[in-house]
Amino acid sequence: MLNKKTVDLINSQINKEFYSSYLYLDMSNYYYAKNLNGFGNWFAIQTQEEYAHAMLFLKYVQNNGETVTLNAIAAPDKAYSDFKQPLETSLKHEISISASINDIYAEAHGLKDFKTMQFLNWFVKEQGEEEQKSDDLNKRFELFGIDPRGLYLLDAELATRTYTAPSLVI
Ligand code: OFO
């Protein structure tokens, strides 16, 4: 059994993770349409990761005998006017997702819900890594992305990224 507010927060987090997946799919499409297939690949893998996060939260609700509530996923409404914008948007988005997970953690902590805190530990670490990855990509774009040859090499590097399923087992 979980506290109702905790279940509500986690159900809302499921929606945010699916939205993240959708948002990154939109960014992936943007880069593929510009023939930056490496950037397209990088965000396509982000999409897979976010889908996996949503499913982990979903499984946690199910495993605790609670009801999963699936709400409508908002359409990604961003229009990008240059190659840097999706990178900046994604960093801001990751920071907001970290804050959202911290809010669930704070609720669980207040309730001495150690089981949920332990479950969330993986996500707290994962968000730290996600923010770092995104920040790193922003910085490398600033260094190399403005020069066409640098952009070509960065795109080629991002094309090599492959998907690894989350290590968390629920
Ligand atoms: Fe779900 O990890 Fe990023 O947002």
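Biologist: Which residues form one aromatic cluster?
Modeller: In this predicted model, one aromatic cluster is formed by Tyr24, Tyr30, Tyr31, Phe39, Trp42, Phe43, Tyr80 and Phe141. Residues are numbered from 1 along each chain as its sequence is written. Local features need pLDDT of at least 70, side-chain atom pairs count only at pLDDT 80 or more, and totals for chains, interfaces and linings use all residues, while side-chain values use heavy atoms, with hydrogens and water left out.

Biologist: How many aromatic pairs does the structure hold?
Modeller: There are 13 aromatic pairs. Rings of Phe, Tyr and Trp (its six-membered ring) pair if their centres lie within 6.5 Å; planes under 30 degrees apart are stacked, over 60 edge-to-face, and the rest tilted.

Biologist: Why is the pair of Tyr24 and Phe43 tilted?
Modeller: The pair is tilted because the planes of the two rings stand at 40°, with the centres 5.7 Å apart. Tyr24 lies in helix H1 (residues 4–33) and Phe43 in helix H2 (residues 37–63), so the pair ties together parts that are 19 residues apart in sequence. Helices here are DSSP runs (H or I, at least four residues), numbered from the N terminus.

Biologist: Are those two buried or exposed?
Modeller: Tyr24 and Phe43 are buried, that is, under 20% relative accessible area, where exposed is over 50% and partly exposed is in between (1.4 Å probe, protein chains only).

Biologist: What sits over the ring of Trp42?
Modeller: The charged end of Arg161 does, 4.5 Å from the ring centre. The criterion is NZ of Lys or CZ of Arg within 6 Å of the ring centre and within 35 degrees of the ring normal.

Biologist: Changing topic, which residues of the largest nonpolar core touch the most other members?
Modeller: Of its 18 residues, they are Ile10, Ile14, Phe57, Ile101, Phe119, Leu120 and Phe123. Such a core is a set of buried Ala, Val, Leu, Ile, Met, Phe, Trp, Tyr and Cys residues joined through side-chain atoms within 4.5 Å.

Biologist: Which elements give two or more residues to this core?
Modeller: They are H1, H2, helix H3 (85–110) and H4. The largest share, six residues, comes from H2.

Biologist: And where is Leu158 found?
Modeller: Leu158 is in helix H5 (residues 148–158). Leu158 is buried, with a relative accessible area of 4%.

Biologist: How far apart in space are Leu158 and Lys16?
Modeller: Leu158 and Lys16 are 25 Å apart, C-alpha to C-alpha, and 142 residues apart in sequence.
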